[in-house]
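Please look over the two chains shown here before reading on. The report takes up their contact and then the build of one of them.

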Amino acid sequence: MSASKFRQLRVTAYTVCTAAGTGRAATLNALDERRSGLTRNDFGPSPLATWIGRVAGLEADPLPAAWAEWECRNNRLAWRGLVSDDFNDEVAAARERYGAERVAVVIGTSTASIGASEDAYRRLEPDGRYPPDLRRPIVHTPHSLGNFVQHALGLRGIAVTVATACSSSAKVFGQAERLIRAGLADAAVVGGVDTLCGSTLFGFNSLELIASECCKPFDVARHGINIGEAAGFALLERDAASGPWLLGYGESSDAHHMSAPHPEGVGARRALQDALESAGLTPASIDYINLHGTATLKNDEVEARLVADLFPSRTFASSTKGWTGHTLGAAGIVEAAISLLALEHGVLPGTLNTEQLDPVCGPQIRRENERRRAQRALSFSFGFGGSNCVLAFGRGDLQ
Amino acid sequence: MSAALPSVAIEGIAFWHTRLPGWATARAVIRGERDAPPTAEKRPTPSLLAPTERRRAPDTVALALEVASGACEAAGRSPSQLRAVFASTYGDLGISDYMCATLAGTPTLISPTKFHNSVHNAAAGYWSIGTSSHAPYTAISAYRHTFGNAVLEAATQVACEGQSVVCVAFDVEATGPLGTVAPSRGLLGVALVLAPPGSESHRALTLRVEQGSAANITPARSPAAALVADNALAPCLPFFEALADPATGNVVLALSDHSLLHAQVR
């Protein structure tokens, strides 16, 4: 058996929902007007002194009654994402075209609905059991998300949740592309959702990676991340007439450390090379890069070196974490969506909040926005456990 | 409507359960050739980890690394060359219990080590570090359908990339209140090395995705079934019953509430 060649797919629908905006138009406006979604942390009973990317109003926005079994903050945000930009209608049309069993669901998250389990532990019954409203096994598993998305969209094919920390909802593009290439699906809903929860806020705090002020990616004085929450989805199809292209992707492992990137970016470089190779591209053909740019000391240093080494100065690179915060398992899809918006509208977002770029940055990394036609974009996602993924997208009118 | 993948070779098999520690033991018990050992093992001690790390490693990591290494050894493959698919229904239930309990009381005292071990890809991350592998890994979950999805993803990678893949699935014992909604007892880990078809000496696995409900799933039938039934990964057992039988066997696993994985082992 020889390997089959990567086959480019169209992104026939996509949406994104973050603290900076719900849906594509609101997100584009926030990017264009440099309006951050970050606010002072007011999440949970004893909020840490930091800033967060909180999506407004989820507390007052329960799931439709039919989905009560999946009720939790993470699935509420998933639902808000699914109905943004009529994404669910686009999927319904694909379901009609291909059949409900031929549209796969491959969805990423880092913590899924662990927030529901955290809530249960704060409200345990005297006998140690969960409160009755939280005795719903499906929300206490990582697959809470993938299972909900499949049911909410009325799909009946393959459904799987990918949980590789911050690369989760980038890697879903790869897994879905392989399912389609192998003939196991005709289309796939990919994406990811992560919501604010104690595990990540206090967990990253324990690693001393949380910034007390707004995050400043690539700033010489950066002090860590702001955690954000987000939902984003994309519909990938093999046989479609229009829509931007998934040109390629690359995945790799650092094999270095559980919570720190490889100092020379060995894994990141490999994922980038594989993405370019699968897309048949060279660094010179890349107009825009949405960097992982978390604003931790190490991530940004490694990433800045990689970009300075490999890309021409005309490539425009930035981190958009200043708008959304680090949305962890949703970062891949959020930044894929921002890359697609940049290609579609020629609005290249700079790096918000950053005052003085670290000298390690090359001329590629920009603070200010720019209006420029861009044909091809990359999105970088590098995560805990050394899991890396780079996605390559192109405008739909590329030949 | 169904869709099939090209056949892949099963080059290596590993199995570890608290009462069935190792594939040789598990296979013999499945075949009715011997009884299970009378006492339960606590947990495996994977040689991939240094002795100090072995003690500190969470159960999920010890279990996953034990079976991943075992399958690679059985296949005669160097682990650093293989892509990897890790899968677990619940991830590390003990650490999730710790995280939730600590967050409910003293959230600022969360242990940084426990936090980074709490991610679903912790075992996969330790595997890549321990084997110095830069090959991609993934970490997936699909509730009761986790094992079927793991095998399908691994075989799909073999078919698409033309490379060998180690496929690892594991679930551990639940602790604390979480165990009332996410029940799982004992430790059960399994691994396969799947490869492009080569020599005739390996068994071939052919997978087909089809429609159907839970009523179509192959039940576990062997004497091992009762031993592993209360572990969240128990739905994998019928597949290993087929592997324990030298004759051609067919197994139906679940992929989602409405889709099935038909696996034929020749």
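What follows covers the interface, then the fold of chain A.

## Basis

This is a predicted model. Totals for the interface use all residues, whereas side-chain atom pairs count only at pLDDT 80 or more.

## Extent of the interface

Chain B puts 70 residues into the contact, and chain A puts in 71 residues. Together the two chains bury about 5,400 Å². Carbon and sulfur atoms account for 66% of that area. On the chain B side, the residues that lose the most area to chain A are B:Phe115, B:His134 and B:Val181. Together they make up 13% of what that side buries.

## Polar links

Between chain B and chain A there are 18 residue pairs in polar contact, with both residues at pLDDT 80 or more. The salt-bridge rule finds 2 across this interface. One of them joins A:Arg178 to B:Glu153. Their closest N and O atoms lie 3.0 Å apart.

## What chain B brings

Several elements of chain B each supply at least two residues to the side that touches chain A. Among them are helix H4 (93-105), helix H5 (112-117), helix H6 (122-130) and helix H7 (146-161). Strands contribute too, including E1 (3-4), E5 (137-141) and E8 (203-211). H7(B) gives the most, with 9 residues.

By class, this side of chain B holds 39 nonpolar residues, 26 polar and 5 charged.

## Strand pairing across the chains

Strand E6 of chain A, residues 159-162, runs antiparallel to E5(B). The two strands are joined by 2 bridges. A:Val162 stands opposite B:Ile140 in E5(B). Strands of a sheet pair through backbone hydrogen bonds, in either the parallel or the antiparallel sense.

## Fold of chain A

Chain A has 11 helices and 16 strands. The C-alpha trace of chain A spans about 60 × 50 × 40 Å along its principal axes.

Chain A holds an open sheet of 3 strands in the order E3-E4-E8, with mixed pairing. Which strands stand at the edges? They are E3 (39-40) and E8 (227-228) of chain A. Each has a single partner strand, so one side of each is left without a neighbour in the sheet.

Strand E4 of chain A, residues 51-53, pairs with E8(A) in the parallel sense. This pairing runs over 2 bridges. A:Ile52 has A:Ile227 in E8(A) as its bridge partner.

Technical notes. Residues numbered from 1 in each chain as written. Chains lettered and ligands numbered in written order. Heavy atoms only, no water. Contact = heavy atoms within 4.5 Å. Buried area = accessible area lost by both parts, 1.4 Å probe. Salt bridge = Lys/Arg side-chain N within 4 Å of Asp/Glu carboxyl O. Polar contact = N/O pair within 3.5 Å; in protein donor to acceptor, adjacent residues only side chain to side chain. Helix = DSSP H or I, 4+ residues; strand = E, 2+ residues; numbered from the N terminus. Nonpolar A, V, L, I, M, F, W, Y, C, P; charged D, E, K, R; others polar. Pairing = 2+ DSSP bridges.
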